[in-house]
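Thanks for coming. I have one model to walk through, so please look at the sequence and the structure as they come up.

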Amino acid sequence: KLITCVTKFNPPDETLERLAEFPNFRLAVSITGLDGLERTKTGERLNLLERAKQKGIQAFPVIHPYIAGVSDLSFLPRLKELGYEEVDVKGLRYNPDTMSSWMPDSSKVFYEGTGEQEILPEDGWREKVEHAGLKLTSLKNWYRRGFEDMTPKLTHEEAEKMVNEIIKRANITSSDTDKSVIEEAIKRRM
């Protein structure tokens, strides 16, 4: 079975070495260029992606959330230098009650009135990704690459039962709906 970890934090080398022992382990790293807002800094995330690559871990950078006028994408060429060819970019679900105090007015215009839908404005980020020599690939497509051949395969009922047991102990934190996350988890097990 495929094992995936999505992180914003910087696991120590000992943890990465243990995870590298699993050939079916994949690591998705949130790298956003939001150093002014987040505790984990871009340099630390680049370091994690570099160490993962050195240890033979399949890793994938995800820019999530991308915030127009706030995210600093100057790290993109460094991803290419580290040997990454692909990246995913996901938008922001804007909540005016919690985000309006720190977001610049020039950025708010992209998000106001969106009803907390995920918004990925076309403000030049796509050109920056291309200029860095990276390809856009969705996290789901990267994650699925090659897992179709893995065994065992479960029936829909078996997979649903297994996922329901996991969900009892899980906390879903995704920009997608809980239903979509659960459906994808079931598909991965079939």
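Which residue in strand 7 is the bridge partner of V87? That partner is L136. Before I go on: this is a predicted model in which local features need pLDDT of at least 70 and side-chain atom pairs count only at pLDDT 80 or more, while totals for chains, interfaces and linings use all residues. Residues are numbered from 1 along each chain as its sequence is written, and side-chain values use heavy atoms, with hydrogens and water left out.

Strands here are DSSP E runs of at least two residues, helices H or I runs of at least four, numbered from the N terminus. Strand 4 pairs in the parallel sense with strand 7 (residues 135-136), over two bridges. Pairing requires that DSSP finds at least two bridges between the strands. Strand 3 also pairs with strand 4 in the parallel sense over two bridges, and there D88 is the bridge partner of V62.

Both faces of strand 4 are covered. E86 and D88 on one side, and V87 and V89 on the other, are all buried, meaning under 20% relative accessible area with a 1.4 Å probe, protein chains only.

Now N95, in the loop between strand 5 (92-93) and helix 4 (96-99). N95 is buried, with a relative accessible area of 17%. A polar atom of its side chain lies 2.8 Å from the backbone nitrogen of D97. Leaving aside neighbours within four places in sequence, N95 is in contact (heavy atoms within 4.5 Å) with S100 and E116.

Notes
Buried means under 20% relative accessible area, exposed over 50%, partly exposed in between (1.4 Å probe, protein chains only). A polar contact is a pair of N or O atoms within 3.5 Å; within protein, one must be able to donate a hydrogen and the other to accept it, and residues adjacent in sequence count only if both atoms are side-chain atoms.
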